[in-house]
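Here are my notes on the model, point by point. Please read them with the coordinates open.

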Amino acid sequence: MSFLEKIRKNTWLVLFFISISLLFFVLDPNILMKFFTENSTTIGKVNGENIFLKEYFDRFQFLKRFREDDPDHYLKNDAWKLLIHEKVLNQQARKLGIQSTKEDFWKAIEKQSIYSKIIDFQNEKGKMNMDKFRLYLKNLEKIPSNLTPQIEAEKNIWDYEKNSIPKKIISKKYVEMLMYGLNTSFIEALLNYRDKNSFSIIDYIFIPYSEIKKEYIKSHEICDFIKKNKFLYKKENLRNLSFVFFRSHPSLDDEKNMNFKIKKLFNKFKFSNHNSIIVSNQSEKPFDSNFYLKKNLPIVLQHFVEKNNQVGSMFGPVKENNTYIMTKLSGKKMVYNSVLCSHILISHKESIRFFNNRTKKKAEKIAKMIYDILVKNPKQFNSLVMEKSDDVINAKKNKGNLGWIQYEEQREVFKEKRSFDFFSLKNKKGTIGLTETKFGYHIIRIDEIKDIKPAYQFSTIIKTLIPSKQTEDLLYQKIVQFMKENKNSSLNTFINNARKKRYETIFLREIKNHKWNIHDLNTELDKEIINWSYEKNRKEGDIKIFQTFNKDYIMVFLSKIQKEGYPIEKIQNHIIPFLINKKINRYLSNIIKSKHMNLEKIADFFSKKINKSYRINFYQSMIDNYKEPKVVGYAFSSKLYETSKPILGERGIFFIRPLKRFNTYKKLSYFSSEIESLNANLRKNILEKIGDVLIEKSNIKDYRIN
């Protein structure tokens, strides 16, 4: 397994020091440059500080490689968000004089870099061996970048880590400084625990504000109250957007043309001996040279080889949605399913968990010498295991025995640089072989073999049917026509007309300028659409067409522009409770204050039913799936069996009668975990709020739309 594969299989290692966890990718520079003007070097600014094209590209360096299945627009947005957070946090840290040192850098490499969990750089205790890692860097610098794609990629990974880690260190120090002293006390944890386990049983009556408003509140009273208190109700700068989707699907003609091409390709593939070349040139997935046992094949191919086990047999083509698959049985061989073997290990200072300082060249020379001796005299194997093997524990315990190795469970260590095929029928019992792995050089002896089975190699071509240019042009014509027909329509007419034509719609989303995503939309165009809606020349009723990377279209309708001010319709729900309180006291004072007034009479007065024996929890403060902290607080503080005064809740007025209170306390034996949980939530919430505030207060300019 290559170094890059190790990183790919441990993508969780690529973590930020703060709460954001993003991974990065390698992207073809030609694709990247399509998003920018030809000579652009700056793609954005954060509080006047430039975001350079190279920085953005560096964030792209890993993502595509480690998140191959994610759409490009998600990766683009993640890379951009990372840059914004990094810039904002570093700017704040620099104001405070926070810096990173060389010692911080190497400590971060050792503890938190993507290299720290790769077994190649660990010692026998599983900790990172910095001497071995520095040797790796030294050797990497000597090798020309253009020697192989793998070397170039490994150098890019190191360049990225080298440049980004100091910034991450500064961000981490800033966050740690903010979090210092931010801890939950024992008393807070105790109260939190008690709240979770405190319950009350109540009878209650609920009257929604909407009903009381109709009965008691006049519209002019609301307006008068707002005028007197308008400083409390300043509204945000918002936009209301709705969306119609036009999906790009292949036409029947596209499908007919694809079927013709697939048949032609099938015939060419069937009679060709150049399977790997055809797969590499025609398939969307690379050629797989591995041989698999029948039980490890997909079920459909298991059935296929039962009847068609001759090399050259074809399966397909089959079509699943818009994906065509055809495969050819391009190889078949008999292998041992199980092999018992022993080894003598000769390690060196470049190998994993090396136990000596010999050079690789010297280790190879020793291994070849032992191999030559054993080829001539295999009986010396057991004695040489004890004398020469660097796998000392295994030599003492098992005399070099590695146990039974199954074909489908080949240890990854023996798949690298392997020149000795354990499972080949050429290898009889007693065969001696020499092979190299990441642990060093191994002299292998086959001790037992069993269970001969066939292994199959399949060459598979996968192709996806996509819309032709003619189909795309027809779709665009339909979109333009729909736009012309609805240019001066109201929002409801626009959406209804779209639904009549069975287009997908998203109705009325309220958008803030500093947001990155639009709820339910979640495309690579979200920020571009938001920026468009906040342009100075925008007016209500404007429509624009956007095209996604997968060639779908989104038509956006700007239905409302809300600038900063005082929206009466939005704040009525905050005002009505105050007015209702006055009205209740004025009109119902005699009834409510009566000593003989109970919950039953109040229910009769308002024509409401009593909700009987309702259980509430102090910690959750929920009544009918809504939070009502005032009501719950009263239920735990008032006298039992006494009917309450009107309680102004979140959704309406409550009258309650507490019947019983109890708790489910247990021994306080796990308070450390309670405190840790509260600390984690506290820091997470504070960190999220700090991040949101810093970004909201920052002047961020995004030039990528150019």
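1. **Salt bridges, the criterion.** A salt bridge here is a side-chain nitrogen of Lys or Arg within 4 Å of a carboxyl oxygen of Asp or Glu. The model is a predicted one. By this rule the count comes to 26 salt bridges. One of them joins the side chains of D203 and R657, at 3.3 Å from N to O. D203 sits in strand β3 (residues 198-208) and R657 in strand β18 (residues 652-663), so this pair ties together parts that are 454 residues apart in sequence. Both D203 and R657 are buried.

2. E600 belongs to helix α22 (residues 599-606) and R657 to strand β18, so the pair ties together parts that are 57 residues apart in sequence. How do the two ends compare in accessibility? E600 has a relative accessible area of 35% and is partly exposed. R657, with a relative accessible area of 12%, is buried; the cut-off for buried is under 20%. The network of salt bridges links D203, E600, K612 and R657.

3. **The sheet that holds β3 and β18.** Four strands make an open sheet, in the order β14-β3-β18-β17, with antiparallel pairing. Which strands stand at the edges? They are β14 (611-617) and β17 (647-648); each has a single partner strand, so one side of each is left without a neighbour in the sheet. The antiparallel pairing of β3 with β14 runs over five bridges.

4. K368 and E364 join their side chains in a salt bridge of 3.3 Å, N to O. Both residues lie in helix α14, four residues apart, about one turn of the helix. An α-helix has 3.6 residues a turn, so residues three or four places apart point the same way. K368 is partly exposed, at 43% relative accessibility. E364 is partly exposed too, with a relative accessible area of 30%.

5. **Y371, also in α14.** Helix α14 contains Y371 as well. At 26% relative accessibility, Y371 counts as partly exposed. What does Y371 touch, not counting residues up to four places away in sequence? The list is I432, G433, L434 and I443. Y371 and F381 are ten residues apart in sequence, and their C-alpha atoms are 9.5 Å apart in space.

6. **The buried face of α15.** F381 leads on to helix α15 (residues 381-388), where F381, L384 and V385 are buried. Seen down the axis of α15, the buried residues fall within an arc of 110°, so they line one face of the helix. What do they pack against? Their partners are α14 (360-376), α16 (392-398) and the strands β7 (323-346), β9 (432-437) and β10 (440-464).

7. **D447 in β10.** Strand β10 carries D447. Is D447 buried or exposed? At 13% relative accessibility, D447 counts as buried. The D447 side chain makes a polar contact of 2.6 Å with the side chain of S342. Another polar contact, of 2.7 Å, joins the side chains of D447 and R445. Leaving aside neighbours within four places in sequence, D447 is in contact with L340, C341, S342, N401 and K429.

8. **K263 and P317.** K263 is found in helix α11 (residues 252-270). K263 is exposed, with a relative accessible area of 59%. Between K263 and P317 there are 54 residues of separation along the chain, and their C-alpha atoms are separated by 8.1 Å.

9. **Confidence.** The protein chain averages a pLDDT of 80, and 81% of the residues score at least 70. Over residues 4-39, however, the pLDDT is below 50. Beyond near neighbours in sequence, that stretch still has 95 contacts in the model. Where pLDDT is low, the predicted coordinates should not be read in detail.

Technical notes. Residues numbered from 1 in each chain as written. Heavy atoms only, no water. Buried < 20%, exposed > 50% of the residue type's maximum accessible area, 1.4 Å probe, protein only. Helix = DSSP H or I, 4+ residues; strand = E, 2+ residues; numbered from the N terminus. Arc of directions from axis to C-beta. Contact = heavy atoms within 4.5 Å. Polar contact = N/O pair within 3.5 Å; in protein donor to acceptor, adjacent residues only side chain to side chain. pLDDT = per-residue confidence, 0-100. Pairing = 2+ DSSP bridges.
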